[in-house]
Amino acid sequence: MKQTFDIQRSTAMAVKLFWATKNSQLSKSADRSNRGAVVRKKQFSSCGAPRVGYLMLIGYDEKSTVPVRNYTNHFPVLPEFENASYIDRYRILCEKLIRERLYTHTCLIWTKDENSFGVISPEISIESFIYSLQGYLSGCINEFED
């Protein structure tokens with residue numbers, strides 16, 4: 001049985017937890033910024049490193065799907081970017097950001113108009129991105145309980 005993900009419900013829960021954390025901290029600190037709800041000392045002690053995500057939306061048309069020439073005099077172009085389209089370059093970038101652990105997860109979505117969109121690669125799909133975030137938040141949920 002496939003588990004469904006309710007993004008509205010999950011986002012509402014995350015916002016509720018954010019404000020509960022912030023309000024709890026306001027009673028203990030003079031810092032009134034939103035920063036305190038996410039970076040205060042020991043706030044996410046069992047979650048490890050923070051989650052860093054990158055989501056990009058790119059237009060899908062002839063200009064974004066044909067190979068692009070490289071004009072560079074100063075820096076060599078990596079071989080994987082040679083004769084690659086803009087969409088391919090962004091796909092490679094997103095995949096490298098994950099593999100090199102610069103970002104926890106990335107997402108690349110194409111769109112032709114307001115009624116159409118799609119994924120470039122399953123590894124960097126919106127579903128993968130959201131499930132990655134859901135897993136991270138599930139692992140940290142106990143940190144928000146008083």
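I call a residue buried under 20% relative accessible area, exposed over 50% and partly exposed in between (1.4 Å probe, protein chains only).

**Ground rules.** This is a predicted model, so I keep local features at pLDDT of at least 70 and side-chain atom pairs at pLDDT 80 or more, while totals for chains, interfaces and linings use all residues. I number residues from 1 along each chain as its sequence is written, and side-chain values use heavy atoms, with hydrogens and water left out.

**Overall layout.** I looked up the elements and found five helices and three strands, running α-α-β-α-α-β-β-α from the N terminus. Helices (H or I, at least four residues) and strands (E, at least two) are DSSP runs, numbered from the N terminus. Of the 146 residues, 27% count as buried.

**Salt bridges.** I took a side-chain nitrogen of Lys or Arg within 4 Å of a carboxyl oxygen of Asp or Glu. My search of the whole structure gave four.

**Glu 80 and Lys 96.** Their side chains meet at 2.7 Å, N to O. The pair links distant parts of the chain: Glu 80 lies in the loop between α3 (62–65) and α4 (86–99), Lys 96 in helix α4, 16 residues apart. Glu 80 is partly exposed at 32%, and Lys 96 is partly exposed at 24%.

**Around Arg 99.** Glu 95 is buried at 9%, whereas Arg 99 is exposed at 55%. Arg 99 also bridges to Glu 123 at 3.2 Å.
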